[in-house]
Amino acid sequence: MSHLLKKGGRGLAGLLCAAALSLTGTNAIAEKLTLSSSSLQAGKKMPMAHVYGSCGGENLSPQLSWSGVPEGTKSFAITAYDPDAPTGSGWWHWVVFNIPVDTTNLPEGAGDLKNGLIPEAVQGRNDYGNSGYGGACPPKGHGDHRYRFRVYALKVESLPLDENTSPAKVGFNINANKLAEAELEVLWGH
């Protein structure tokens, strides 16, 4: 056994890894799902364009794009969530699901149903009580809140839900069917 540990300087773990790769017929490592935005910068303050109207913003959903889609993906979902909202359960700002698998980019403003930019997808109810995007608007003096934009690669073509389904139930169905997820977190407070 000690000769296996030293063979080729790779050790047993290296040999097992090489054997596993040879069985799959590839030496490539799978890409990781990533989420990016031309509108948002991770860890930075959210621009006013994406802030809710009653807090002085334009309430535009940000541009989002993703890559590194795992094999077997049949659809996507997007969520935007504030875990710091003083509700005991956070605040859902955007819930979109049944995004077609050939879509890897949402333009700025796609969260406004009147724009019709993602007609195949379902834009669920946010915690403002509306379907579509609802921007950041934490209580004044509450400090910066974190806004977590996430994309999920799903193993099903569609979730059997509609625009009136609660964000919690959508989240349950997303998590039951996800292959991968990626996050972009930004801040906002006033």
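Asn98 is placed in strand 4; strands (E, at least two residues) and helices (H or I, at least four) are DSSP runs numbered from the N terminus. This is a predicted model, in which local features need pLDDT of at least 70, side-chain atom pairs count only at pLDDT 80 or more, and totals for chains, interfaces and linings use all residues. Residues are numbered from 1 along each chain as its sequence is written, and side-chain values use heavy atoms, with hydrogens and water left out.

Asn98 is not a glycine, yet has a positive phi of about 65 degrees. With 12% relative accessibility, Asn98 counts as buried; buried means under 20% relative accessible area, exposed over 50%, and partly exposed in between (1.4 Å probe, protein chains only). Asn59, in the loop between strand 1 and strand 2, is another residue other than glycine with a positive phi, near 55 degrees. Asn59 counts as partly exposed, at 25% relative accessibility.

An open sheet of five strands runs in the order 6-4-3-7-8, with antiparallel pairing; two strands pair if DSSP finds at least two bridges between them. Strand 6 and strand 8 (178-188) are at the edges with a single partner strand each, so one side of each has no neighbour in the sheet. Within this order, strand 3 (residues 75-82) and strand 7 are joined in the antiparallel sense by seven bridges. Ser75 is opposite Leu154 in strand 7.

Strand 2 (residues 64-67) pairs with strand 1 (residues 34-36) in the antiparallel sense over three bridges, and Ser36 is opposite Ser65 of strand 2. Strand 2 also pairs with strand 5 (residues 105-106), again antiparallel, over two bridges. Here Leu64 has Leu106 in strand 5 as its bridge partner.

## Helix 3

Helix 3 (residues 167-177) has Pro167, Val170, Gly171, Asn173, Ile174 and Asn177 as its buried residues. Viewed down the helix axis, these buried residues fall within an arc of 165 degrees, so they line one face of helix 3; the arc is that of the directions from the helix axis to the C-beta atoms. An α-helix has 3.6 residues a turn, so residues three or four places apart point the same way.

The buried residues of helix 3 pack against strand 3, strand 4 (91-100), strand 7 and strand 8, where contact means heavy atoms within 4.5 Å. Ala168 and Phe172, on the other side of helix 3, are exposed.

## Nonpolar cores

The largest nonpolar core contains 29 residues, and those with the most contacts inside it are Leu35, Met46, Trp66, Ile78, Trp94, Phe149 and Val151. Such a core is a set of buried Ala, Val, Leu, Ile, Met, Phe, Trp, Tyr and Cys residues joined through side-chain atoms within 4.5 Å. Strand 2, strand 3, strand 4, strand 7 and strand 8 each give two or more residues to this core, and the largest share, five residues, comes from strand 8.

Beyond its neighbours within four places in sequence, Leu35 is in contact with Leu64, Ser65, Trp66, Phe149, Arg150, Val151, Ala182, Glu183 and Leu184. A second, separate core has twelve residues, including Tyr81, Trp92, Leu159 and Leu161.

## Aromatic pairs

The whole structure holds five aromatic pairs. Rings of Phe, Tyr and Trp (its six-membered ring) pair if their centres lie within 6.5 Å; planes under 30 degrees apart count as stacked, over 60 as edge-to-face and the rest as tilted. Trp91 and Tyr128 are an edge-to-face pair, 5.3 Å centre to centre with 70 degrees between the planes. The pair links Trp91 in strand 4 to Tyr128 in the loop between strand 6 and strand 7, 37 residues apart. Trp91 is partly exposed, at 24% relative accessible area, and Tyr128 is also partly exposed, at 23%.

Trp94 and Tyr133 are edge-to-face too, 5.5 Å centre to centre with 80 degrees between the planes. Trp94 lies in strand 4 and Tyr133 in the loop between strand 6 and strand 7, 39 residues apart. Trp94 is buried, with a relative accessible area of 0%, and Tyr133 is buried at 6%. Tyr52, Trp91 and Tyr128 form one aromatic cluster.

## Two loop residues

Asn126 is in the loop between strand 6 (122-123) and strand 7 (145-154) and is buried, with a relative accessible area of 2%. Apart from its neighbours within four places in sequence, Asn126 is in contact with Trp92, His93, Trp94, Gly132, Tyr133 and Gly134. A polar atom of the Asn126 side chain lies 2.8 Å from the backbone nitrogen of Tyr128.

Pro119, in the loop between strand 5 and strand 6, is exposed, with a relative accessible area of 62%. Pro119 and Ile99 are 20 residues apart in sequence and 9.0 Å apart in space, C-alpha to C-alpha.

How values were computed
Polar contact = N/O pair within 3.5 Å; in protein donor to acceptor, adjacent residues only side chain to side chain.
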